[in-house]
Amino acid sequence: MTPAEIAPKDRLIVALDLPSVDAAEATINRLGDSVTFYKIGYRLAYAGGLPLVGKLADKGKKVFLDLKLHDIGNTVMQGVESITRLGATFLTVHAYPQTMKGAVEGRGNSSLKILAVTVLTSYNEDDLHAAGYRLGVSELVEARAQQAQVLGIDGLVSSPEEAGALRKIVGHQMHLVTPGIRPAGSATGDQKRIMTPGRAIAAGADYLVVGRPIVEAADPKAVADAIQAEIAQALG
Ligand SMILES: O=C(O)c1cc(=O)[nH]c(=O)n1[C@@H]1O[C@H](COP(=O)(O)O)[C@@H](O)[C@H]1O
């Protein structure tokens with residue numbers, strides 16, 4: 001599917017960063033038909049949430065399984081091979097060459113798409129430096145994107161701040177998935193490289209990942225609907 005073919009509604013991915021399967025199912029029910037794409041990450045996956053991947057897929061929803069794998073290549077390959085049977089659409093790995101190579105091998109010809117996390121959206125230049133990196137944020141994001149493309153990775157996770165530059169590097173061959181989304185006026189939390197939904201879409205993002213602004217809202221559906229409207233408006 002080319003980016004232009006992704007329906008505006010399907011571009012919002014709601015991060016179900018909730019403490020239990022019951023809490024996740026309550027949020028999914030409140031969001032109803034508004035939301036078609038969910039992300040399951042550490043918090044829910046390690047709280048018994050993995051079977052929810054298949055359950056949501058059976059209901060016609062798409063699932064982004066955000067496990068951010070990183071290990072020796074063989075272990076990543078075997079883990080991803082197991083994950084291909086869960087019914088997820090996207091799976092994250094960290095954008096290290098051995099890890100990405102293992103993930104692509106493990107994914108094989110299955111329908112699972114591998115997303116490489118370039119530089120986490122909670123990191124700025126100082127955080128990268130403290131972690132021992134020589135490159136700045138944009139240089140490291142772009143270098144990793146180039147490696148990911150050569151290795152056959154399906155998509156990239158970055159902040160929307162890098163989406164424009166990434167689009168120039170990878171064209172429309174790879175999905176660009178951007179967390180670090182904050183509707184105007186909402187709390188930033190630990191995110192450092194952020195944009196509003198409309199600006200992220202205008203910058204070239206295909207999919208927006210939104211967690212706390214929706215799942216911690218008094219009315220999650222109202223916030224999700226407003227973000228969907230902002231996405232549709234930005235797409236014109
Ligand atoms: O891979 C991710 O989804 C991810 C990558 C990244 O660089 N930054 C990032 O925030 N995420 C995830 O995206 C979600 C963002 O959540 P909120 O900050 O609550 O909107 C969380 O589930 C993060 O784990």
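This is a predicted model: local features need pLDDT of at least 70, side-chain atom pairs count only at pLDDT 80 or more; totals for chains, interfaces and linings use all residues.
Me: Why is V141 called buried?
Reply: A residue is buried if 20 or more other C-beta atoms lie within 10 Å of its own, exposed if 12 or fewer, and partly exposed in between, with C-beta atoms placed from the backbone. V141 has 25 C-beta neighbours inside 10 Å, so it counts as buried.

Me: Where does V141 lie, and what is it in contact with beyond its neighbours in sequence?
Reply: V141 lies in helix α7, residues 137-151. Helices (H or I, at least four residues) and strands (E, at least two) are DSSP runs, numbered from the N terminus. Contact requires that the C-beta atoms of two residues, placed from the backbone, lie within 7 Å. Leaving aside neighbours within four places in sequence, V141 is in contact with T118, V119, S158 and E162.

Me: What makes Q147 partly exposed?
Reply: Q147 has 17 C-beta neighbours inside 10 Å, so it counts as partly exposed. Q147 is in helix α7 and touches A95, P97 and M100, not counting residues up to four places away in sequence. Q147 and A95 are 52 residues apart in sequence, yet 8.2 Å apart in space, C-alpha to C-alpha.

Me: How do you know that the buried residues of α3 line one face of the helix?
Reply: The buried residues of α3 (residues 51-58) are L52, V53 and L56. Seen down the axis of α3, they fall within an arc of 110°, so they line one face of the helix. The arc is that of the directions from the helix axis to the C-beta atoms. The face turned away from the buried side carries the exposed residues P51 and D58.

Me: What do the buried residues of α3 pack against, and what follows α3?
Reply: They pack against α1 (21-31), β2 (37-40), α2 (42-49) and β3 (62-69). α3 is followed by G60, whose phi is positive, near 90°.

Me: Why is the crossing of α4 and α5 called right-handed?
Reply: A crossing is right-handed if the near helix is turned clockwise from the far one by less than a right angle, and left-handed if anticlockwise. The axes of α4 (residues 73-83) and α5 (residues 97-107) come within 7 Å and cross at roughly 35°, and this crossing is right-handed. Axes are lines fitted to C-alpha atoms, for helices over the stretch in contact, and angles run from 0 to 180 degrees between N-to-C directions.

Me: Which buried residues does α5 have, and what do they pack against?
Reply: The buried residues of α5 are T99, M100, G102, A103, V104, G106 and R107. They pack against β3, α4, β4 (90-94), β5 (113-117) and α7. α5 is followed by G108, whose phi is positive, near 50°.

Definitions and conventions: Residues are numbered from 1 along each chain as its sequence is written.
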